[in-house]
Amino acid sequence: METTDDLARLQAAVDAHALVNLTGGLGSGKSVLARRLAVAAVVDLADGFPGEGAGEGRLGVLRRLVAQPGGLLLVDGVDGPGQAAAVAAVLDPARSAVLRPVLLVSRRPLRAVADWGENAPATVGIGPRSAEAIEAQARAAGITDPADLAFVVRLAGGVPLLAELACRALHLGVAPDPGPAADWMAGEVLERLGRERPGQRWRHAVRLLATVRTGDERLLAGGPGLFEALAGLSLVQRERLGLAIREPYRTLFETAYRWRRPQAYEEVRNRAAGYRRALLTERAPAPGPEERAGLVEEGLFLTGDPLVRSTLFPPAEEVSRIGPSRPGEAEDIGRLMHRWAVRGGFDVRRSERIVERWLEGGSAAFRLARDREGRPVGLAALFPVGADTEAGIEPLLQQHTPDLVGGGAHGGLFLGAAYGADPVVHGQILRDVLAQSVRAGHLVVSTASPDYQALLRTLSFRPHGEIRDDVYRCGRRPEVYSHDFGAAGLPGWMGALAPGGAGASGAVAGGGQVRRVAGQDAGVLVAWALARAGDLAALAQSPLLTLPGIGSAVGLRAWLEDTVAELAAAGEPADAEAGAILQAYYFGRARTHHQVARRLHLSRATYFRRLRRGLSRLTSSLPPGEGSRSQDPPCGSLG
């Protein structure tokens, strides 16, 4: 379906314009798509031109072909040094006659890398493929084992080239583990990138940049020459805080580096975390709200926490943009909030009444994610805390309202809901919420989602407890959390969350002490692993692997299955019900908590009590030990 839509858009552009540029990241399927058109002649710059010499021969062939009347001329691989400018000169109508339609294929939009004057091409971009499309590609390549298919889909991140390389790695006998597979794949990708930037020096810097996510010249070290070499690669973009590699290639290079040089990888990540914290405290003048928000985002990434990474930074390309709601989008907000209610297992009619109350004063409090075509695909209900919004917030805070809202005296923001059509959009929405909160200085959250509650505990938000009522009629009462994002407290918070940091305070809302593994909440790690029990590539990232007797992704999955089975066979009825819930939801065919509750003939309230009991029992059954965690070395460059 995706390829069909892309083909239709491309054909429409070719029909309407004499010069078209099809653009997309390395390995996105541009060449395959372009060749599905009725192409009369092809010039592939990646393969070179026939004839003597390099530059002169190639340009001569191109001049001859464009001057011949005929059908569509496809010029593929316009990615090498100087190629875009040379092709623009050949196609300049003021210099030569162009007597046929031309389709240019490139990794970067050619408008951005050459001066086209009034002859600029119409641009058609293509994005990542769906998981279903990547799985179909893997099946066509001879991959049939379900675990191997999931492995390919995860490593590919929606990119056909990476899917092809992952399949080839499996056929070559490379272990179906993220580290060795990513290392082999990264070598192939770097060879292809070599067409854009000859030489070797920048290749190691790619791995360093992937590890830190964004890097300025000091952080990367190597001087202006290396920095510019990296910036010239099509996979690299300039972001607010430095250069960044586009996903999913960033994850690929990071995974390869972590496998090849694990100790060096930890040192690089820890130094980068220290450097980001130092920018919050030691720079003069102090960073403003926009830059603080960016530094916080980078700091969260550098924690390496599996739950933070998978939720906020999923390894796939981001194609949506987030901004305030616009007039006329109330219907879109209602549609997305309906999906939010269904996904959360909430009573839809009850949720609709809450949303209607939020919309009484307009839709200004909603922030929407929009795809390439401008269609809303995600949102956050993010209200400024004030006297005029207290009535809409109170039902979700109830007895906590005076302390947290107090007639608007505390200021800041209140998050009532967040929804994304897919994990990538969802991660963008949540990161935008955090960025807005840093700018506002304070955030209050009310959520009935166990996943959000786990994330907020991991981020060391302050828990205030449940509200009185089950407002969504879902069998569980929302819990309230808050966090102060004032500039003075950010460095300490970042330090606590950093690799080797203290993490959350250790105290739980109901009393007692939190078990920690590798410095992280063990209960959160268990819930995260259960949710990914069928994905060995994901389990390979869990800190639980450092515990005695687990050791590998396969070992972790076996431990989960065996411990859940033992719990389901327990003599205590409540424990047996808890085990049955974990078996059905995480290892069975059921897709939602509602389906499992119906199958086991449990009320919603009992179901979620037993679910929490089961997670607690699994956490207490973990092998003894604290796991390993790296120390935080001094701040410095990564050279």
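Predicted model: local features only at pLDDT ≥ 70, side-chain atom pairs only at ≥ 80, totals over all residues.
Two strands are said to pair if DSSP finds at least two bridges between them. The strands themselves (E, at least two residues) and the helices (H or I, at least four residues) are DSSP runs, numbered from the N terminus.

Residues are numbered from 1 along each chain as its sequence is written, and side-chain values use heavy atoms, with hydrogens and water left out.

I begin with a sheet of five strands. It is open, its order is β2-β3-β4-β1-β5, and the pairing is parallel. At the edges stand β2 (39-44) and β5 (122-125), each of which pairs on one side only. From one strand to the next, the twist averages 20°; such angles run from 0 to 180 degrees between N-to-C directions, and the axes are lines fitted to C-alpha atoms, for helices over the stretch in contact. Five bridges hold β2 in parallel pairing with strand β3, residues 72-76. Within β3, D76 is the residue opposite D44.

The next sheet is also open, but its seven strands show mixed pairing, in the order β9-β10-β11-β12-β13-β15-β14. Which strands stand at its edges? They are β9 and β14 (462-466); each has a single partner strand, so one side of each is left without a neighbour in the sheet. Neighbouring strands here are turned by 25° against each other on average, direction ignored. Between β11 and β12, which run antiparallel, there are seven bridges, and A380 has A418 in β12 as its bridge partner.

Helices lie against this sheet. For what follows, contact means heavy atoms within 4.5 Å. Helix α16 (residues 330-344) packs on the sheet and touches β10 (366-370), β11 and β12, its direction making about 80° with that of β12. Helix α21 (residues 450-458) lies across β12, β13 and β15, and runs at about 30° to β15.

A further helix is α18, residues 390-397, where I393, P395, L396 and L397 are buried. Buried means under 20% relative accessible area, exposed means over 50%, and partly exposed is in between, with a 1.4 Å probe and protein chains only. Among the elements covering the buried residues of α18 are α17 (348-359), β11 (376-384) and β12 (413-420). Just after α18, Q398 takes a positive phi of about 50°.

I now come to the aromatic rings. Rings of Phe, Tyr and Trp (its six-membered ring) pair if their centres lie within 6.5 Å; planes under 30 degrees apart count as stacked, over 60 as edge-to-face and the rest as tilted. How many aromatic pairs does this rule give? The count comes to twelve. One of the pairs joins F301 and F313 edge-to-face, at 5.4 Å centre to centre and with 80° between the planes. F301 belongs to helix α14 (residues 289-302), whereas F313 is in the loop between α15 (306-312) and β9 (321-324), twelve residues apart. Both F301 and F313 are buried. Another edge-to-face pair is W340 with F346, at 5.1 Å centre to centre and 70° between the planes. W340 counts as buried because its relative accessibility is 10%, and F346 is buried at 8%.

A charge sits over a ring if NZ of Lys or CZ of Arg is within 6 Å of the ring centre and within 35 degrees of the ring normal. The charged end of R213 sits over the ring of F301, 5.8 Å from its centre, and R309 lies over the face of F301 at 3.7 Å from the ring centre.

E247, in the loop between β8 (242-245) and α12 (249-260), counts as buried because its relative accessibility is 16%. Its side chain makes polar contacts with the side chains of R250, at 2.7 Å, and T251, at 2.8 Å. S234 lies in the loop between α11 (223-231) and β7 (236-239). Is S234 buried or exposed? S234 counts as buried, because its relative accessibility is 6%. A polar contact of 2.6 Å links the side chain of S234 to that of E196.

How values were computed. Polar contact = N/O pair within 3.5 Å; in protein donor to acceptor, adjacent residues only side chain to side chain.
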